[in-house]
Amino acid sequence: MINYEKILTDFEIKIFYEGLTIKDYEDIKYYLNCIKNELFTTSNYYRYNDLQVHKIRLESLKRTLEKTLFRKIHQDNIKYLRENTFLLPLVYSNYNQEYIKLYSPDSYMFSCQFHIENTPSMGVTFSKNLFFCFGCGSTGNQLDYLMQYEDLKFLDALYLLAQIYLIPFPNNPFGKNHPLVTKYQNTLLQKDFLNLLEKGITRLNQNYSQNENYSFIQKQYQILQSQIIRIKSDKSDPNFQFKPKSKTKTFKLDIPDFHEKS
């Protein structure tokens, strides 16, 4: 029996540290076919529900890869954006609950913004910039969140995220006074959000200073704090250098039949 939870965890770790490749895209398609076959044959109620969740998560990864493998923006620009912007304030901009629970070293539990629920079940892991709903299976990073919540195409989400964090992408269709830009930037400067951030930092320092990921999480908090100071001053990111995409280099996927995979 395939351990899809481990496979998904390995993919998500690789996304963060290395990024996924065309080979990973092929593997994801293979595992999706395996899940579809098992959904058709399994009679175990709990296994069936687990498979549905795994299917949703793998489909989200597949969509993300399809949007990035055939991108019109150079990979280095997308990588910079992913590493220097943050998901937490985006989710906070759209929350509608009185209390946000902090759990694990740097995770926050929100009510899911993609389905109706009575008990909050959407976790946001700050340092990894990932969200996952334990109820409906919605998952992804900053770009996935903007695409799903704001109903945007990949490039539009990319440009919006860049403008929110004042990362100077040329010919950005989102001006600084665009309502979505204003909404998300205002959250970064809100006292309530800054208080939540400070609470998370204090909790990390008091309870998780011995955690193996402590230094990295602490550094991510520091990066966000510096981003907030810069955005408050209305200054573009001075460290970003836009890299034009080569007009001669293209990606061609040669996906083997999944039955051929051993």
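Predicted model: local features only at pLDDT ≥ 70, side-chain atom pairs only at ≥ 80, totals over all residues.
Residues are numbered from 1 along each chain as its sequence is written, and side-chain values use heavy atoms, without hydrogens and water. Local features need pLDDT of at least 70 and side-chain atom pairs count only at pLDDT 80 or more, while totals for chains, interfaces and linings use all residues.

Five strands form an open sheet in the order β1-β2-β3-β4-β5, with antiparallel pairing (strands are DSSP E runs of at least two residues, and helices H or I runs of at least four, numbered from the N terminus; two strands pair if DSSP finds at least two bridges between them). The edges are held by β1 (101–103) and β5 (139–140), each with a single partner strand, so one side of each has no neighbour in the sheet. Helix α9 (residues 191–207) packs on the sheet, where it touches β1 and β2 (contact means heavy atoms within 4.5 Å). Further in, β2 (residues 107–110) runs antiparallel to β3 and is joined to it by four bridges, and Ser 107 stands opposite Thr 125 in β3.

Thr 125 also turns up in the lining of the second largest pocket, among the residues nearest its centre, together with Glu 12, Arg 57, Leu 130 and Phe 132. Of the 16 lining residues, α1 gives the largest share, four.

Turning to helix α5 (residues 88–93), Ser 93 lies within this element. A polar atom of the Ser 93 side chain is 2.9 Å from the backbone oxygen of Pro 89. Beyond neighbours within four places in sequence, Ser 93 is in contact with Lys 183, Tyr 184 and Thr 187.

Terms used: 1 Å grid on protein atoms, 1.4 Å probe; cavity = no way out; pocket = protein on both sides within 12 Å on 5 of 7 lines; lining within 4 Å. Polar contact = N/O pair within 3.5 Å; in protein donor to acceptor, adjacent residues only side chain to side chain. Axes fitted to C-alpha atoms, helices over the stretch in contact; angles between N-to-C directions.
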